[in-house]
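Let's walk through this one together, a piece at a time. Have the viewer open and follow along.

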Amino acid sequence: MTAMDAYNFAYLDEETKRMIRRALLKAVAIPGYQVPFASREMPMPYGWGTGGVQVTAACLMADDVLKVIDQGADDTTNAVSIRRFFQRTADVAVTEETEAATIIQTRHRIPEAALREGQIMVFQVPIPEPLRFLEPRETETRRMHALADYGLMQVKLYEDIARHGEIATAYAYPVRVEGRYVMDPSPIPKFDNPKLNDSPALMLFGAGREQRIYALPPYTQVESLDFDDHPFVASKADHACDICGATESYLDEVITDDQGGRMFVCSDTAFCRSRQGDAA
Amino acid sequence: MNMQPISGGFSNAPLQSATAFRAVLQAMSRPGLWQAIDGAAPPAPLSQASGALILTLADPNTPVHLAGTLDCDAVRGWITFHTGAPLVAAQDADFAVGAWDDLQPLDRFAIGTPEYPDRAATLIIELDGVPAANARLTGPGIDGEITAFCPGDRPTAFPLGLDLILTDGARIMGLPRSTGLEFL
């Protein structure tokens, strides 16, 4: 018996998929609002993308082409294990090329290559509530969202400026969706925030442990919070990639020895490889 | 024995409901654009599209309201057999199916609460042919603006509101509460 016979298509049972699908539709109808859902135990630990895996499982069609990345890389443990999970349980085609994928599940990056209409990005989210570290009570944060009372978040960003001279938040940088909900874009570097705005692709966010799903439809206005005199800056390491020479991509700093040696390389491995192919 | 309620469901539910759901997801995330949806053969007068929507989204946890001529034994029996969804009055419904006129007045349906705007009904509106575009649509999911046919306005106080899915034969168009409507 193969894995495909041992499991329902895409692992989850149909009733669970229906529940997730209904949550997804409400999430799309109310961009940036966190829809509660009955997150299931998945055969992987919390923190490994159980929310993203459930969203992907609920969306996956038999003829989809799936790409999975972890911090931009296709070949790290998290990405490889989730990709194999869906190969085994849905027999779905996989790719490392951003352009060839119809669904891209991601942990903490948005690919460098431009996304297109019809593509679906699925983000793995650890803490979906952007106000959680400012206000621990769910009853209070829920009321703050209901009233669009986001002054506390502006105070937090202001305190960053008062202490550090700039907004020190470098990842999970809060955004405002269509002028209404403040949303955690998941721990993507703020370098990726501008890619959320007016994207042709559908963006879905799943938080398994916290049991929340939210979404950005294509062509949605997504604004990073800032101040007139301290505007948002999408920053990256001030280097070129040491492998492909790209100056416009987000870089990882890699320690190469214990003598202080280091190199900067593209975090998006597929992007870096395509550029090496171009150069060769 | 009347076999009609038993036929007309998905023959391969996991694969067909996945395909149908993608059509709904596309419809809701791209308001104003029609998407093909099939796989269901419900009894008349329920359309193929509405049948597929119900098979994909409804189950014992989602009360369904049937309006007008759809509230008949054939449709009730088919939905009950295939989904187990309770058939209820308008104010209790997660999903409501019917012609635009039969669903009036729309303020009977749940539009959510400020804390839980997701607790709002989804209306599946059966059209018989699609008249010419009569409204300009703007908002999330729309690249600039688009014109489309809308049967009428709906109560909306974003983020509260009703989410609409128009059906015509074997295709659907989404009209979520986030879409701005300007009638031409």
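How many of the ten residues of helix 2 (residues 48-57) of chain B are buried? Nine of them are, so helix 2 of chain B is largely enclosed by the rest of the structure. "Buried" here means that 20 or more other C-beta atoms lie within 10 Å of the residue's own; 12 or fewer makes it exposed, anything in between partly exposed, and the C-beta atoms are placed from the backbone. The buried residues of this helix are B:Ala49, B:Ser50, B:Gly51, B:Ala52, B:Leu53, B:Ile54, B:Leu55, B:Thr56 and B:Leu57.

A word on conventions before going on. This is a predicted model, in which local features need pLDDT of at least 70 and side-chain atom pairs count only at pLDDT 80 or more, while totals for chains, interfaces and linings use all residues. Residues are numbered from 1 along each chain as its sequence is written, and chains are lettered from A and ligands numbered from 1 in the order in which they are written. Helices (H or I, at least four residues) and strands (E, at least two) are DSSP runs, numbered from the N terminus.

Let's stay with chain B and zoom out. It contains four helices and eleven strands, and buried residues make up 49% of its 184 residues. Along the principal axes, the C-alpha trace of chain B spans about 50 × 30 × 30 Å. Its radius of gyration is 16 Å, which agrees with the value near 16 Å for a compact globule of 184 residues; the radius is taken over C-alpha atoms, and the globule rule is 2.2 Å times the number of residues to the power 0.38. Take the contacts in chain B between residues at least 6 apart in sequence: 67% of them join residues at least 24 apart. A contact means that the C-beta atoms of two residues, placed from the backbone, lie within 7 Å.

Now for where the chains meet. On the chain B side, 28 residues are in contact with 30 residues of chain A. Helix 1 (residues 13-29) of chain B supplies the largest share of that side, twelve residues. By residue class, the chain B side splits into 15 nonpolar, five polar and eight charged. For that count, Ala, Val, Leu, Ile, Met, Phe, Trp, Tyr, Cys and Pro are nonpolar, Asp, Glu, Lys and Arg are charged, and the others, Gly among them, are polar.

Over to chain A. Its domain assignment gives domain 1 (3-224) and domain 2 (236-280), with bounds that come from an automatic or database assignment. The C-alpha centres of the two domains of chain A lie 26 Å apart. Their contact takes 14 residues from domain 1 and eight residues from domain 2.

Next, look for the open sheet in chain A: seven strands in the order 1-9-8-5-4-2-3, with mixed pairing. Two strands count as paired if DSSP finds at least two bridges between them. At the edges are strand 1 (35-36) and strand 3 (93-94) of chain A, each pairing on one side only.

Which residues cover the two faces of strand 5 of chain A? A:Ile120, A:Val122 and A:Gln124 sit on one side and A:Met121 and A:Phe123 on the other, all buried. With five of its five residues buried, strand 5 (residues 120-124) of chain A is largely enclosed by the rest of the structure. In a regular strand the side chains alternate between the two faces of the sheet.

Strand 5 of chain A pairs in the parallel sense with strand 4 (residues 103-107) over four bridges, and A:Met121 is the bridge partner of A:Ile104. Five bridges join strand 5 of chain A to strand 8 (residues 202-207), also running parallel; there A:Ile120 partners A:Leu202. Strand 2 (residues 65-70) of chain A runs parallel to strand 4, joined by five bridges, with A:Asp70 opposite A:Arg107.

Finally, find strand 11 (residues 251-255) and strand 12 (residues 262-266) of chain A, which run antiparallel and share five bridges. These strands form a hairpin with six residues between them, and A:Gly260 in the turn has a positive phi of about 90 degrees.
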